[in-house]
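Q: I have the sequence and the model open. Can you walk me through what is worth looking at?

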Amino acid sequence: SSGINAEWPLRPGSQPRKHTLQPIVTGTSVLGIKCRDGVVVAADTLGSYGSLARFRDISRLMKVNDSTIIGGFGDYADFQFIMKLLEQQTIDDNVVGDGVYRDAPSIHNWLRCVLYNRRSKMNPLWNTIVVAGRDFAGKPYLGYVDKIGVSFTDKSVATGFGSYIAQPMMRKAMEENPNMSVEEAKRLMERCLKVLFYRDCRSLNRFQIGVVTETESSISDPISAETDWSIGANPSGYE
């Protein structure tokens with residue numbers, strides 16, 4: 001006998017744990033900003049397979065309900081799993097039919113629990129989620145939660161490379177114009193995403209913008225930004 005048990009693959013617990021050890025197909029920066037009459041969130045449509053710009057038409061924004069939009073950074077498969085969980089929650093709420101829905105703070109806190117729970121099992125969902133929307137009082141809400149359950153709210157948030165490049169741009173714009181309108185915030189997002197396309201090799205000049213106001217909760221069709229690589233000759237000091 002060779003000593004090999006043919007039944008080994010079938011025994012319970014005999015297979016290795018299939019935890020996510022590193023993200024595979026990933027999305028980069030998600031940006032969010034509060035403004036006078038709502039919240040604006042934006043993300044590009046690229047799914048990178050390592051350093052390969054493999055999938056150029058994926059949506060990393062999801063409309064959860066009429067009060068909330070989320071954006072996902074990190075592993076796209078894990079983000080799809082989160083979207084399925086939220087879709088089932090929305091279906092359950094509609095089935096009950098009592099008119100009660102989950103506002104943005106409720107969804108933000110629920111995501112914090114889910115992500116922290118998975119982290120505690122040493123099998124994290126490899127995502128950072130931006131939650132944009134309104135609370136039950138109709139006030140704009142913007143939250144952030146990462147793969148280990150760290151969460152906070154702020155006037156502007158960014159994930160990934162955007163936290164280094166886009167976040168300072170958004171903070172400066174809010175200092176100069178603290179009463180920013182939704183349209184001004186959308187133009188700011190376009191500018192930030194264009195700069196990220198120039199500076200972040202995992203980004204794309206094709207993106208979507210989500211808007212949540214008292215009268216609207218929508219995600220735009222993909223928008224392509226005009227780019228000009230002739231500016232590459234202008235920076236100096238890197239010789």
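**Helices, cores and a pocket**

A: Start with helix α2, residues 104–120: its 17 residues reach 24 Å from the first C-alpha to the last, close to the 24 Å expected at 1.5 Å a residue. The expected span is 1.5 Å times one less than the number of residues. Helices (H or I, at least four residues) and strands (E, at least two) are DSSP runs, numbered from the N terminus. This is a predicted model, in which local features need pLDDT of at least 70 and side-chain atom pairs count only at pLDDT 80 or more, while totals for chains, interfaces and linings use all residues. Residues are numbered from 1 along each chain as its sequence is written, and side-chain values use heavy atoms, with hydrogens and water left out.

Q: Which residues of α2 are buried?

A: A104, P105, I107, H108, L111, V114, L115 and R118. Buried means under 20% relative accessible area, exposed over 50%, and partly exposed in between (1.4 Å probe, protein chains only).

Q: And what covers them?

A: The cover includes strands β6 (61–65), β7 (68–75), β8 (127–134), β9 (140–145) and β10 (151–153), along with helix α1 (76–96). Contact here means heavy atoms within 4.5 Å.

Q: What comes just after α2?

A: M122, with a positive phi of about 60°. M122 is in the loop between α2 and β8 and is not glycine. Most residues other than glycine have a negative phi.

Q: Is M122 buried or exposed?

A: Exposed, because its relative accessible area is 65%.

Q: Switching to α4. How many residues does it have?

A: Helix α4 has 18, running over residues 182–199, and spans 26 Å from first C-alpha to last, close to the 26 Å expected. Buried in α4 are V182, A185, L188, M189, C192, L193, L196 and F197.

Q: What do those pack against?

A: Strands β2 (30–35), β3 (38–44) and β12 (206–213), and helix α3 (162–176).

Q: Which residues touch the most other members of the largest nonpolar core?

A: L31, I33, V40, M170, M180 and M189, out of 24 residues in that core. β2, β3, α3, α4 and β12 are the elements that give two or more residues to this core, and α4 has the largest share, with seven. A nonpolar core is a set of buried Ala, Val, Leu, Ile, Met, Phe, Trp, Tyr and Cys residues joined through side-chain atoms within 4.5 Å.

Q: What does L31 touch?

A: Not counting residues up to four places away in sequence, its contacts include V40, V41, M170, M189, C192, L193 and L196. There is also a second, separate core of 20 residues, which includes V25, M62, L86 and I129.

Q: How many aromatic pairs does the count come to?

A: Five. Rings of Phe, Tyr and Trp (its six-membered ring) pair if their centres lie within 6.5 Å; planes under 30 degrees apart count as stacked, over 60 as edge-to-face and the rest as tilted.

Q: What about Y76 and F79?

A: Their ring centres are 6.2 Å apart and their planes are at 50°, so the pair is tilted. Y76 and F79 are separated by about one helical turn because they are three residues apart in helix α1. Y76 is buried at 14% relative accessibility, and F79 is buried at 1%.

Q: And Y144 with F152?

A: That aromatic pair is stacked, with 4.6 Å centre to centre and 20° between the planes. Y144 is buried at 15%, whereas F152 is partly exposed at 36%.

Q: Where is D200?

A: In the loop between α4 and β12. D200 is buried, with a relative accessible area of 9%. Leaving aside neighbours within four places in sequence, D200 is in contact with T28, S29 and F161.

Q: Last one. Which residues lie nearest the centre of the largest pocket?

A: N65, N94, V100, Y101 and R102, from a lining of 17 residues. The volume of this pocket is about 200 Å³. α1 gives the most to the lining, with five residues. On a 1 Å grid over the protein atoms alone, a pocket is an open set of points where a 1.4 Å probe fits, with protein on both sides within 12 Å along at least five of seven lines; lining residues have an atom within 4 Å of a point. Grid points are joined across faces, edges and corners, and the volume is the space filled by probe spheres set on the points.
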